[in-house]
Amino acid sequence: MPHHLVLIGHGMVGHHLLQLLAERDALTTWHVTVLAEEDRPAYDRVHLSSAFTGTDPAELALSTPEFIADHGIDLRLGDPAEHIDTAARTVTTTSGAVFPYDALVLATGSYPFVPPIDGADAPGCFTYRTLYDVESLTEYASRETTRTGVVIGGGLLGLEAAGALRTLGLDTHVVEFAPRLMPLQVDDGGSDALRATIEGMGVAVHTGVGARAVETDADGSAHALHLTDGRALDADVVVFSAGVRPRDRLAREAGLAVGDRGGVVVDRHCRTTDPYVYAIGECAQTSDGRVYGLVAPGYQMAEAAADALAGEGTTTFTGADTSTKLKLLGADVASFGDPFACDGDERADSGAMAVVFSDSREGVYKKLVLGPDGRLLGGILVGDATAYGTLKPHAGRELPASPEAYLVPSTGAEGAPGADSLPDDAVICSCHNVTKGAVREAVTAESLTDVGGIKRCTKAGTGCGGCVGTLQSVLDAELAAAGVEVARGLCEHFALTRAEIYDTIRTERIASFSELIAAHGRGDAGAADGCTVCKPVVANILGTLAPELGLTHILQGEQATLQDSNDLFLANLQKDGTYSVVPRVPGGEITAEQLIAIGEVARDHGLYTKITGGQRIDLFGARKEQLPAIWRRLVDVGLESGQAYGKSLRTVKSCVGAKFCRFGQGDSVQLAIDLELRYRGLRTPHKIKGGVSGCLRECAEARGKDIGVIATAGGWNLYVCGNGGTTPRHADLLATDLSSDELLRLTDRFLMYYVRTGERLERTAAWFERIGGLDHLKSVLLEDSLGLCADLEAQMERHVSAYRDEWQAVLDDPAALARFAPFVSDPSFLEPGRGRPAVLPDGTEAALFKDIDGRVYAVDDRDPFSGAAVIANGIMGTRDGAPVVASPMHKQEFDLRTGECLDDPSVRLAVHEVPNAG
């Protein structure tokens, strides 16, 4: 006869326990009753914020009716437990129902802490914990009078809540009592980088201050939040996200031991002081004296409890890795191990030391903490968390390379070791406690060839997702070791690489994407639309080879359908869906008339202006339909496109050089102008920058550029393949004491060789390492070992002769100008393979798309991740045969038939009925 198991709580951890029992075939010996407080079965709280962007709550569901029915589980929704009688071994619910048990598991989770301040219960005050909270907050925020929201709490949930308010269109503030954001995960340096990024997105941050009272208006609703420093913030909505507390009331009242600061006390098997009662998840204080507020430790507690209930009892829980990696308001944030091991007076004598890399310009902060024996104790990554998947499994071990290799991997030294340096017992997925060895075994035993297969077989990567990059690295290494060829083609539509596509177009004189994919597409890809990877690459190559192919403009004919939004509208897309306009200012020289024109344009169109580090003036906030009028006024005073939107030359920075500087040995300004005007408009695999310094004092920072020139007493020294950003690299000296003519010829060769052989989005620094470094470049470009130099120079001359300002070309082309209209009225105006915004008959602003077969699709125009109306400007293509559009913001792809985001199925676009052609 089955034993009776009562599970109180059907959240993520509670449901995971049911799955584990089912996997162990234990539900044949246990009859389970689940008492749930909410009227919904278990759902994914980790991705709760996706509900703000239109995800149907059903898509967050973790349980299915089939699972419940197949295992005979008695799921009681909306009838929570009210009382536990440990002597009688019964549980009574709020409805009065009584359930006997042979074993009881408490999975009651936690509740949001609301500080005891006046007005905290007023209408407009919310917590952020459940789907009900999301629905209530969304409804309240939709009122016309709701304009400003304040989140109390700057931790993980608080910043997630701030992102939700911003998504709802509210002016947003974050108030954090601690002196920094995310005080439990990052230090002061990490918090500063995170704060700069968040404030750059328009969210106001107030740290080191608490909430004193919620002020209400005449109808009793929230109106303002008073802070402990005397200030008051407008607050139509107040969200309390100041931490959580374990839900342990039932255990307390039942006489079970509870920790001093809350949490049901459990042993290593997650058993309470009553041997018939277990507690798992956020309601438990584990044997290490901690209460864990993350889902991964809860899953591990469920493993221990399931093992005990299944009769084995060998799995225990004695503590968990609290590493976390997530994206908050667009900023990557990760911490692992003990990142504070060398902080504070109490730990100063531990011998631990920190290695820190910080780039305030890019909002990047990285810190690794090493023990006195060289072991990695922990780390913090803000702004760039790409190394997280490699570093986290090394926590507690010696790094196989220097810390600098992980923090600044492109300094010229060897890069950071990959997944092959990890031992088999290293835990790659802490959410499901999956080791590298388990992944390797699954790849071999199940003949896996993709990360999706690893997820299915091991569950690794199905939690927070932070380990997916490492899983890919392990998979690649295993396939390579087994001699399995890994596809190296550009995308699913082409087996060719970017360099091979370039050679094919050049040698066969192919002048369109349609011709290329028909002749060289993969399989039946000749009938496909391409994708967000191959279309911009081909557009870039056609732009470079335009003089050879007889093409006159990057928006000519079919080329317009290939362009990303920046190249399509010849301007840089910004976070709110507007664009920046950046006229070219070669060498930083500008006339008074041009300055006046820029000022008048900014004034008349309400644009924000900024002088950049590249010696230009950027104009921000222009709407798409305003761009031609702005360009016309700038062109009239002799300005032209600065190509700040393209994979092309951006600027050539200079000092004042010999014209004014007493140390100057060369006219750096004039040479910078000559270089920028010569190479303007050249499409390259990645954006490139240049710098010219008039002497060895290097005021123009030329050695941090793709092309760097420094004047000497003997002429010009040419440096190549440097870059700044998050992985800075000093350029290498290619040649010395060049005349101006020699310098231009050698730079022509260098750039055209890079254009021919570089791969998609490959910076010159990475290209330099891949092709063989300085010796290879000297052999090809100085010694002409491949016999290419004359051809490279001639090709550059053709580019220079054919150059035409792209803004002017659009102004002269009525067909190109038509694309800048704010809306189309019906599908008859659509170009195959390109979207346009439209207003539907019911007033909805939608994005219309027509594929190459004439089928028309209509979806919401507003990007669910950023909230900007930009979907119509995205690249249309196919993915695994499905018609998709890639958001111009961050390239998430959406199925045009269903609206589902293929990169995050919890998010979707609304699909609309296609209007009739007019």
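1. A helix axis here is a line fitted to C-alpha atoms over the stretch in contact, and angles between N-to-C directions run from 0 to 180 degrees. The model is a predicted one. On that basis, helix α13 (residues 498-508) packs against helix α15 (residues 534-544) at about 45 degrees, and the two axes are 10 Å apart. The pair is therefore oblique, and α13 passes α15 in a right-handed crossing.

2. The α13 side of this contact consists of R498, I501, Y502 and I505. Facing them in α15 are V537, V538, N540, I541, L542 and T544. By class, the contact of α13 with α15 has seven nonpolar residues, two polar and one charged.

3. The second pair is helix α18 (residues 592-605) with helix α19 (residues 627-635), whose axes come within 10 Å and cross at roughly 160 degrees. Because angles over 145 degrees count as roughly antiparallel, α18 is placed in that class relative to α19. The crossing of α18 and α19 is right-handed.

4. In α18, the residues that meet α19 are I598, E600, V601, D604 and H605. Their counterparts in α19 are I630, R633 and L634. The contact of α18 with α19 divides into four nonpolar, one polar and three charged residues.

5. A838 lies in strand β37 (residues 835-839). Is A838 buried or exposed? Its relative accessibility is 1%, so A838 counts as buried. Leaving out residues up to four places away in sequence, A838 touches F823, V824, T844, E845, A846 and L848.

6. How many disulfides does a search of the whole structure find? The count is zero. For C457, the closest cysteine sulfur is that of C429, at 14 Å, which is too far for a bond. C457 is partly exposed, because its relative accessibility is 42%.

7. C491 is likewise in no disulfide. The nearest cysteine sulfur to that of C491 belongs to C531 and is 3.7 Å away. With a relative accessibility of 11%, C491 counts as buried.

Technical notes
Residues are numbered from 1 along each chain as its sequence is written. This is a predicted model: local features need pLDDT of at least 70, side-chain atom pairs count only at pLDDT 80 or more; totals for chains, interfaces and linings use all residues. Side-chain values use heavy atoms; hydrogens and water are left out. Helices (H or I, at least four residues) and strands (E, at least two) are DSSP runs, numbered from the N terminus. Angles under 35 degrees count as roughly parallel, over 145 as roughly antiparallel, 65 to 115 as roughly perpendicular and the rest as oblique. A crossing is left-handed if the near helix is turned anticlockwise from the far one by less than a right angle, and right-handed if clockwise. Contact means heavy atoms within 4.5 Å. Ala, Val, Leu, Ile, Met, Phe, Trp, Tyr, Cys and Pro count as nonpolar, Asp, Glu, Lys and Arg as charged, and the others, Gly among them, as polar. Buried means under 20% relative accessible area, exposed over 50%, partly exposed in between (1.4 Å probe, protein chains only). A disulfide is a pair of cysteine sulfur atoms within 2.5 Å.
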